[in-house]
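Dear colleague,

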Amino acid sequence: MPQAFTPVASVPVDPRTARVHEEGWQSWSPSGSYALDDAPHRPTNANWATVCYRPGRTAPPAGFQGEGLLALDPGDGSPVRLWAAPDPAASVPSIRLAVHDGRAGISADGPVAESSYSGPDGVQGALAAWADALATPAPRPAPTVWCSWYEYFTAVTEDDIHENLRAMDTLDLPVDVVQIDDGYQSALGDWLTLSGRFRSRAALADAIRARGRRAGIWTAPFLVAPHSELAGRHPDWLVRDPAGAPLHAGHNWNHDLYTLDATHPEARAYLTDVFGTLRAEGYDYFKTDFLYAGALDGVRHSGADALTAYRAGVALIREAIGPDAYLLGCGAPILPSIGLFDAMRVSPDTAPHRRPEADDYSQPGQDAAEFTGAGRRWQHRRLWINDPDCLMARPAVETRERWAAHVEATDGLMASSDRLLSLDEWGVATTRRLLSSGHAPASGGAA
């Protein structure tokens, strides 16, 4: 639970030119730099506060709050100052900044390490220097990807995958991985049971590989739907709240969400079976999503704290898929994920539209994805390969040229997510060009 905030520093600032960087808790949490008189992005409802921000760590009405990492450019020519979790795998304090009488007061609810930076690129340079000091092994290059999500969403069918697989050949698109997203499974948690729109995962993987491409698949490994077979048969596999009820992990897909207890021996065996089965069927690219659920505070079988349980759960997945498979995290707590993934989503979802719902910058929208994606550019090739989210180049996408420019500037994971036969001449050319720039099939050990 949150502790009391203790003052850790007081820094003179020029209120006209100073900038402060807030690092958000997870992939979808707004992260970026602000002027001192800006209003930082905050959740606009309680559900999004759980699903997209850090539950239990509400930011104050005025001022700034970073989760494990906060940086300040005082704006007066003095060095950038940075405060960070000494060991983000074990503990991630909330760090606050408030300005009074020309000074920025810094406080935290746990231990922080302070550093200063006088090099180029201001706040981004300071953040990059902090990441460099972690000496994380260099991540492998990302393969190029086609993903079903932004065209078909949960209504995707096996026939949709086959159509786009043929179109990749017709349009001469350098796609390394064909990734099946949400919609193939019968329910969250029942990952090996197919929805009625798919006939055979293994045969589909074979078809993808027969065309010289790799098979990828989406899961949300720590989420469980209340109506799933898993929840009905194994309620003891769920994380509990202090009253003993299943821990509420938010609401999405028109139903509540529960959390799988990755410390329960039988739940761990189930996760191993799920990912081992998918790997044996020929899938070697895994997008693991909604990972925030694995790091929620709750009562677990082993008694482990949330971050220890989260990292152990991801490590179990890595062991099951093997070191050569490519592992992408999404909706994941950022700092506690260091060292676990090959690539990481570094922003909220994009969308065919620019503005996020209710102007909440954790929600899908190009404006929100660009803001946080740019704010986290310092992570790229230091902690993992940055995933800016998918390119959408079909004519129906609002400001598609601007969104494509953002994806290209990221120089990270390149993924297309259109019905490929819907692309016009500009869409095909842009998709081919961006995929060609990122075409580097992954090999070797894990990040």
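Helices (H or I, at least four residues) and strands (E, at least two) are DSSP runs, numbered from the N terminus. Counted in this way, the protein has 11 helices and 23 strands. Please keep in mind that this is a predicted model, in which local features need pLDDT of at least 70 and side-chain atom pairs count only at pLDDT 80 or more, while totals for chains, interfaces and linings use all residues. Residues are numbered from 1 along each chain as its sequence is written, and side-chain values use heavy atoms, with hydrogens and water left out.

As for the overall form, the C-alpha atoms fill a box of roughly 65 × 55 × 40 Å, taken along the principal axes. The radius of gyration, taken over C-alpha atoms, is 21 Å, which agrees with the value near 22 Å that a compact globule of 447 residues would have; the globule rule is 2.2 Å times the number of residues to the power 0.38.

Of the 447 residues, 58% are buried, meaning under 20% relative accessible area, whereas exposed is over 50% and partly exposed is in between (1.4 Å probe, protein chains only). If we take contacts (heavy atoms within 4.5 Å) between residues at least 6 apart in sequence, 73% of them join residues at least 24 apart.

S29 is buried because its relative accessible area is 2%. Leaving aside residues up to four places away in sequence, S29 touches G24, C52, Y53, T372 and R376.

Best wishes
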